[in-house]
Amino acid sequence: MFSHTIALPKQGKRSLSGGGARSLRRLYPLYLMMIPGLAYLLINNYFPIIGLVLSFQKINYADGIFRGAWVGLENFEYLFATKDAWIITRNTVGYNLAFIVLSVVMGVSTAIMLNEIRSKFFSRAFQTMLLMPYLISWLLVAFLLYGFLGTQSGVLNRLLMRFGMNKISWYNTPKYWPFIICFVTCWRNTGYSCILYLSSIVGIDPAYYESASLDGASKWQQIRLITLPLLRPTISFLVLLSIGSMFYSDFGLFYRVPMDSGILYPVTNTIDTYVYRALLVKNNLNMSTAASCYQSVVGFLLLLISNGIVRRIDRDNAIF
């Protein structure tokens, strides 16, 4: 009996090793497909962390990039000492909060509507049409928007004139641009976000809806009592990730789309565009690195805080 008990672990160990080798051979193509994405993640997201030391140095190209004098927090001062500090922080955080709300509302509602389409052909056709704007570069979006808002030949101004109204100089009127930016963001990103939610809706067991239908539940009650509660983990996960990047802004959206109009700076200038314009004037690499470090640290703290709040409310919906 004693020898029998010794043989069992050895047999299990051999089977585990053999199973691991067979699993490796079976999943070998998937590991190969993972290499490009993993290489991009390492090169684009992890290797640049080494450069954060430049946030606390004064660059000296003669001695070497990483051999500059240590200046502490001096590179961070320009973000807070300028009169535009409140404006760029307000715009960055305010727009991102609006984008989070709009992304959830538009993404979930669009995904639910797509899920109700019974024809696979029309469902895939609508998904493709909704996703196409997400694949368009911001430069092309800026030119398309200019075609609608151009002062002289813009489509929207022509409609206003046809109804007896005066033309609007859109690129010289800041008050309209918070709504324009939110609209453009919804138009471009709703297709991508709705696919994420749609994939979760498709995974819901149809037995829930069948049981609810037998009990006399209407379609709206099925959505409210089944679909939305089961979508809560996906919504929480995506919202938490968005909160982590709240101090970042889409550079193409805030720089290309408004055509870099100086009059619109009070409503379109964010931390990223401000740093870019400061680099054009001062050519100071340390300042841009300090801004990225500030955004990353604050975003990480916001992610920890928001995840802690969600964890206290509902542990299952937290990321970690």
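## A first look at this predicted model

Methionine 259 sits in a loop that connects helix α11 (251–256) with helix α12 (265–268). Helices here are DSSP runs of H or I with at least four residues, strands are E runs of at least two, and both are numbered from the N terminus. Before going further, a word on the model: it is predicted, local features need pLDDT of at least 70, side-chain atom pairs count only at pLDDT 80 or more, and totals for chains, interfaces and linings use all residues. Residues are numbered from 1 along each chain as its sequence is written, and side-chain values use heavy atoms, leaving out hydrogens and water.

Back to that loop. Although methionine 259 is not a glycine, its phi is positive, at about 60°. Aspartate 260 lies in the loop between α11 and α12 too, and its phi is near 55°, again a positive value in a residue other than glycine.

**The whole protein**

Let us step back. The protein has 14 helices and 2 strands. Its radius of gyration is 26 Å, while a compact globule of 320 residues would have one near 20 Å. That radius is taken over C-alpha atoms, and the globule rule is 2.2 Å times the number of residues to the power 0.38. Along the principal axes, the C-alpha trace spans about 90 × 70 × 40 Å.

Of the 320 residues, 34% count as buried. Among contacts with a separation of 6 or more, 66% come from residues 24 or more positions apart, where contact means heavy atoms within 4.5 Å.

**Annotated segments**

In an unreviewed entry, UniProt places the feature "transmembrane region" at residues 30–54, 93–114, 135–156, 225–248 and 285–305. These positions follow the numbering used here, feature names are shortened, and annotations may be inferred rather than shown by experiment. Over residues 30–54 the chain is 68% helix and 0% strand, with the end C-alpha atoms 38 Å apart. Over residues 93–114 the chain is 100% helix and 0% strand, with 31 Å between the end C-alpha atoms.

Buried means under 20%, exposed over 50%, and partly exposed in between (1.4 Å probe, protein chains only).

| Residue | Relative accessible area | Class |
|---|---|---|
| Serine 123 | 11% | buried |
| Leucine 130 | 28% | partly exposed |
| Glutamine 222 | 7% | buried |
| Methionine 259 | 34% | partly exposed |
| Aspartate 260 | 29% | partly exposed |

Serine 123 belongs to helix α5 (residues 120–131). Not counting residues up to four places away in sequence, serine 123 touches Leu114 and Ile117. Leucine 130 is found in helix α5 as well. Leaving aside neighbours within four places in sequence, leucine 130 is in contact with Thr110, Leu114, Gly191 and Cys194. Between the C-alpha atoms of leucine 130 and proline 206, which are 76 residues apart along the chain, the separation is 25 Å.

Glutamine 222 is part of helix α10 (residues 219–244). With neighbours within four places in sequence set aside, glutamine 222 is in contact with Tyr209, Ala212, Ser213, Ala217 and Thr227.
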